[in-house]
Protein chains: 2
Amino acid sequence: MSTATQTVSDLCAAAKRASRVLATLGADVKNRALEGIADALVQRTAEILEANGRDLQAGREAGLSPALLDRLALDPRRIEAIADGARRIAALPDPVGEVIDGSRLPNGLDVRKVRVPLGVVAVVYEARPNVTIDAAALCLKSGNAIVLRGSRSAAHSNAVLAAIAAEAATAAGLPAGALALIGGGDREELRELATQSGTVDLIIPRGGEGLKAALKGVATVPVIFAASGNCHVYVDRSADLAMAQDIVINAKVQRPGVCNAAETLLVHRDVAPAFLPRALHALHDAGVTLHADDRARAIVSDLPLRVAVAEDWDTEYLALEMAVAVVDDVDAAISHVNRHGSGHSEAIVTSDTAAARAFELEVDAACVYVNASTRFTDGGEFGMGAEIGNSTQKVHVRGPIGLRELCTFKYLVEGAGHIRA
Amino acid sequence: MSTATQTVSDLCAAAKRASRVLATLGADVKNRALEGIADALVQRTAEILEANGRDLQAGREAGLSPALLDRLALDPRRIEAIADGARRIAALPDPVGEVIDGSRLPNGLDVRKVRVPLGVVAVVYEARPNVTIDAAALCLKSGNAIVLRGSRSAAHSNAVLAAIAAEAATAAGLPAGALALIGGGDREELRELATQSGTVDLIIPRGGEGLKAALKGVATVPVIFAASGNCHVYVDRSADLAMAQDIVINAKVQRPGVCNAAETLLVHRDVAPAFLPRALHALHDAGVTLHADDRARAIVSDLPLRVAVAEDWDTEYLALEMAVAVVDDVDAAISHVNRHGSGHSEAIVTSDTAAARAFELEVDAACVYVNASTRFTDGGEFGMGAEIGNSTQKVHVRGPIGLRELCTFKYLVEGAGHIRA
């Protein structure tokens, strides 16, 4: 574990050394480490709660909102859940060593493209202390060393969680330095972490737009943003309207504070008169504040609809709030989505194969849904077991970042004295 | 094509709009465009040579070296070769639409992970004007719009090549704006290109360390460095020494100016007395200047060996020059490679399966060779048809950057009204 006297660059260099060993370990050692971490967390619950209590106390004194305090709070049940998460990751297949592709070249060389760890992954995150263990378990299982950098508000909790995990990992045979936590809080430290070219192979920020902006300007190591989602549901002319209503309600209401929740409803003008009154009443009854364009407000006059302004189309509310617009056709819906969406998850409800195909082909997003809720974008739902976040970038990984996505590959080429002519 | 009055940001925005259309085109349209480009280049050879003549004239006046002037020079045969390159790319399978993975989830949702274009790819390159067409053909075939930024020294040649290609592409049905060239030369323009977040999806610099450094500091869009190679050949204790000598000579001498050529020879101490005299004499006879460590110089005293200094181990000579060291064992060789290598191509010559396995497992590089020359790292050799360079990064792509590597993917998820519980 990190100590106060080690610099960011020392910790990253130690992580790099550890990563050389981690890359060679079989799944059995890594799985034992993850199970050891889970056991230790449960055994040392009192210690974790004590540290968490100090963070909560400081948070209350600093006037954190009840929502933020709740995200920060741990209890024995939550610690059990964190430990279970690590055990579930241990039970997943090891991505390292998977042969992705391979062939014998015409000259007889045997080429295999084999999945290998990235090396050192840095994860920068806010508030929730469970990320400390989730991210560590995913990185260690995929054979990577991890450097964590949490927020100041969870500093005590994160420090104890990381110390327990690092101890248990070392006890199970992982190399020292494989898991490190850096202080947290100051921007200079973040800049230092994001410029460790040669030791840090990837940095993943999990957090809001402020964190993203802070990193964009300074990072010299590759960054994958586990970013925000401005997601849409488009109800096509041919949609089954009962299905459409269920999907819209689910996408907006089931868990509004997450990145795969929908933020904007788009409705084809031909079905707007039939669909909007019932759908907006249902959304309103579920507590959703609605920001509607002129055409939608002209159809639904018996609800307190706000006037949608330009910013509404670009806003990720992350709350019981939704923008609503009427569009001329599927092409207009696609244009709206590509202009305002963040490339996360986009849904069309339709019974028309041509509309479905156009939406799938032309919408530029990580996940494109036909007749299903945007809420399914999730490593667990997709059968990847777990995720460290969802990427809205296009390089390396799009959508859920699971174990395979924390890997790179190398080509292994075997010959019998082959030289190039 | 670009005109002098369009800004970098205008060109990138137009490329983004074009990329929406490109992503929906079938292979037939894209292939016709590439064949049209090839035909137009040959037909308009005189025009190209006239522009190239102006660059050569300016280059001679500026005192460019004969080697640089040769890289810059075009002639009818070279133009034919560039056109043939575009035709060969047209003949490759279309990567767009390939289903990479897919399954039916337990809840009945059908998920397909489908290869799609990245969108807008920017390629920044030096000297050789053929890159204008090679890069354009690879990007257009993979459904991407391309923004090219060549060097000032090839400005006239690049402008004519890009104009001819853009015209032919549009004539064949590709959207306007799909291929653009920006002026070239000034660093401010490069900074502008590298910060077009939201329009440029990837920037690929093809060039030396200066270009890399210039981009690292400023880029906010994802960058894949088609970078340098500090490659090693390690001759193990158990190596077939005749095979080892052939591989070393091939890796160093066959084409010394390229990134997959070897720069350092490492030899196990037990075979150094038998191997080094013959190998170093053969290298010397081939015109190679040798920088040897103390142990190697103690063995070979009848050659004018230079004293290897610390920088030699980190130098990519790109010339008939090689560093030579004696190491204690395969572990020492692996450590040396991981400390000094650039993660490009690394070879072991051995007849010992344990040594081969350790080298493959522990060497952190894009391509690891057993009993073969490093010179095979190449998109063409690997059966990928063509490449835009070789990546030594670990995210997104490692090794040859071919058509598939110029793509991302999206998840297409189809349901029947599925909502999340």
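In which sense, parallel or antiparallel, do strand β16 of chain A and β13(B) pair, and over how many bridges? I will begin with that, because strands of a sheet pair through backbone hydrogen bonds, either parallel or antiparallel. Strand β16 (residues 407-418) of chain A and β13(B) pair in the parallel sense, over five bridges, where two strands count as paired if DSSP finds at least two bridges between them. Within this pairing, A:Val413 stands opposite B:Tyr369 of β13(B).

A word on what we are looking at: this is a predicted model, in which local features need pLDDT of at least 70 and side-chain atom pairs count only at pLDDT 80 or more, while totals for chains, interfaces and linings use all residues. Residues are numbered from 1 along each chain as its sequence is written, and chains are lettered from A and ligands numbered from 1 in the order in which they are written. Helices (H or I, at least four residues) and strands (E, at least two) are DSSP runs, numbered from the N terminus.

Please look next at the open sheet of 10 strands, which has mixed pairing and runs in the order β10(A)-β9(A)-β11(A)-β8(A)-β7(A)-β12(A)-β13(A)-β16(B)-β2(B)-β1(B). At its edges stand β10 (306-307) of chain A and β1 (99-104) of chain B, each with a single partner strand, so one side of each is left without a neighbour in the sheet. The partner of β10(A) is β9 (residues 289-292) of chain A, paired with it in the parallel sense over two bridges, and there A:His291 has A:Arg306 as its bridge partner.

Now to the contact between the chains, which takes 55 residues from chain B and 55 residues from chain A; two residues are in contact if their C-beta atoms, placed from the backbone, lie within 7 Å. On the side of chain B that touches chain A, β16(B) gives the largest share, 11 residues.

Finally, how are the two copies related? A rotation of 180° with 0.0 Å of shift along its axis superposes chain B on chain A, with an RMSD of 0.0 Å, the superposition being by least squares on the C-alpha atoms of residues with pLDDT of at least 70 in both. The copies are thus related as by a two-fold rotation axis. The same surface serves both of them, since 100% of the contact residues of chain B recur in chain A. Of the residues of chain B, B:His396 comes closest to the rotation axis, with its C-alpha at 1.8 Å.
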